Amino acid sequence: VRSIEIKSKAAGQILRLPVEVGDRVGRGALLAQVDTTEVAANLRQSQAELDHARAEFRIADQTKQRDDNLLERGMISVDDHNNSLLDYTRTRSRLVNAETSLQKAMERRNDTVLRATMAGTILEKSVEEGQIIASPMSGVSEGTTLLKMADLSRMQVRVLVDETDIGRIRPGQNCIVTPDAHSDRRFVGEVLKIEPKAKKQREVVYYPVLIHIDNAEGLLLPDMSCKVTIDIVSKENALVVSTDALVRPNDAGTVAELLHISADTVKVLMDAVGAGGSGGINADEIPGWFNRQQRMALLGGNAPVERNAALVFVVDSTEGIQPRAVIAGIKDWDVTEISSGLEEGQVVLMPPSAMVAEQFIEFEKLLERFGGKLPGKK
């Protein structure tokens, strides 16, 4: 979040550099010591000039006070008094200049000692003890970078999100960050902001999302790669099944045929949840494994429900494999919520994809054409 370059205002030879890359330093810790020989000489000279200016000013001040009294008594001319006043202002100006010069000399002496302005970790070390460095204050050089340090207790993850998903990202959403270097750890983060400038990679538009993450343990380092899971929506105590167990309405007929289930039965189920296209289904026409309340609920599906209609195949110990029309809710990569159509504890089949089912059906028909049959089939 915060990274800084350390440069010295003072030029000269580095006498001490007591830190190494990776060291954690506290605020005010000594980072470097630059040679003070020239600075100390300038400081002594500035002090001497200040003492001289103070002596001149005292004499000029006494002279002015004396001439002020003589002028009031008419014992000196106005011109003589003006000369005394002018000498007083000149010495006062030299005194101010000398005080300023001494203050600058003291600041230059302090500049030879570099201390950390914040707590952090040393990321880079560009110089060594004994090296001569330039000052950025000279006006002819940008100065020598001695160190780079950063506060690693607070980190940011920068993740690229596809434009099709960016509309669901909001600042404040919780995240789980899993670094490749610590795949067994889960770090809790929070979406900080979405950067407005898009990035295009292989004709796909992405938007950078910044995620704040605490790094109190210091395990995370700059430029690490990680996987980020952003919580878009969550629900507690949801009835879920494996996402792979759901069959889309368009594929329901093909998969059902492979399992030797009547296409009419599947069509009635899909029509019941508004996914079959024909509509006009009476509650009593829905197969008997739904009670009447469940049947009426299925018939009440609106547009959002229709888009979430799916088919699952329940494995029953007495009835065998039976299709069930379900309404799917929220989902992640692994599981999908079932809003209606299933009960906790029921066993569902993990069917093949429609493409695999179609190929298998064609293979079965080919065997039957030549008088063969699949093993175990009567």
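In what order do the four strands of the open sheet lie, and is the pairing parallel or antiparallel? Keep that in mind as you open the model, which is a predicted one.

**Stop 1: the sheet**

Select strands S1, S8, S6 and S3. They form an open sheet in the order S1-S8-S6-S3. The pairing is antiparallel. Strands of a sheet pair through backbone hydrogen bonds. Now look at the two edges. Strand S1 (3–7) and S3 are the edge strands, and each pairs on one side only.

**Stop 2: S1 beside S8**

Zoom in on S1 and strand S8 (residues 145–150). Five bridges pair them, in the antiparallel sense. Pick Glu-5. Which residue in S8 is the bridge partner of Glu-5? The partner is Lys-148.

**Stop 3: charged side chains**

Turn on the side chains. Side chains of opposite charge can pair when their charged atoms come close. How many salt bridges does the count come to? The count is 13 salt bridges. The next stops visit some of them.

**Stop 4: Lys-125 and Glu-20**

Select Lys-125 and Glu-20. They form a salt bridge, and their closest N and O atoms are 3.0 Å apart. This pair links distant parts of the chain, 105 residues apart. Lys-125 sits in strand S6 (residues 120–125). Glu-20 sits in the loop between strand S2 (12–16) and strand S3 (24–25).

Is Lys-125 buried or exposed? Its relative accessibility is 18%, so Lys-125 counts as buried; the cut-off for buried is under 20%. Glu-20 has 44% relative accessibility, so Glu-20 counts as partly exposed.

**Stop 5: Glu-128**

The side chains of Glu-128 and Lys-125 meet in a salt bridge, at 3.4 Å from N to O. Glu-128 counts as partly exposed because its relative accessibility is 47%.

**Stop 6: helix H1**

Move to helix H1 (residues 37–72). Select Asp-68 and Lys-64, which both lie in this helix. They are four residues apart, about one turn of the helix. Asp-68 forms a salt bridge with Lys-64, with the closest N and O atoms 3.2 Å apart. Asp-68 is partly exposed, with a relative accessible area of 22%.

**Stop 7: a network**

Finish with Glu-5, Glu-124 and Lys-148. Salt bridges that share partners join these residues into one network.

Methods:
Residues numbered from 1 in each chain as written. Predicted model: local features only at pLDDT ≥ 70, side-chain atom pairs only at ≥ 80, totals over all residues. Heavy atoms only, no water. Salt bridge = Lys/Arg side-chain N within 4 Å of Asp/Glu carboxyl O. Buried < 20%, exposed > 50% of the residue type's maximum accessible area, 1.4 Å probe, protein only. Pairing = 2+ DSSP bridges.
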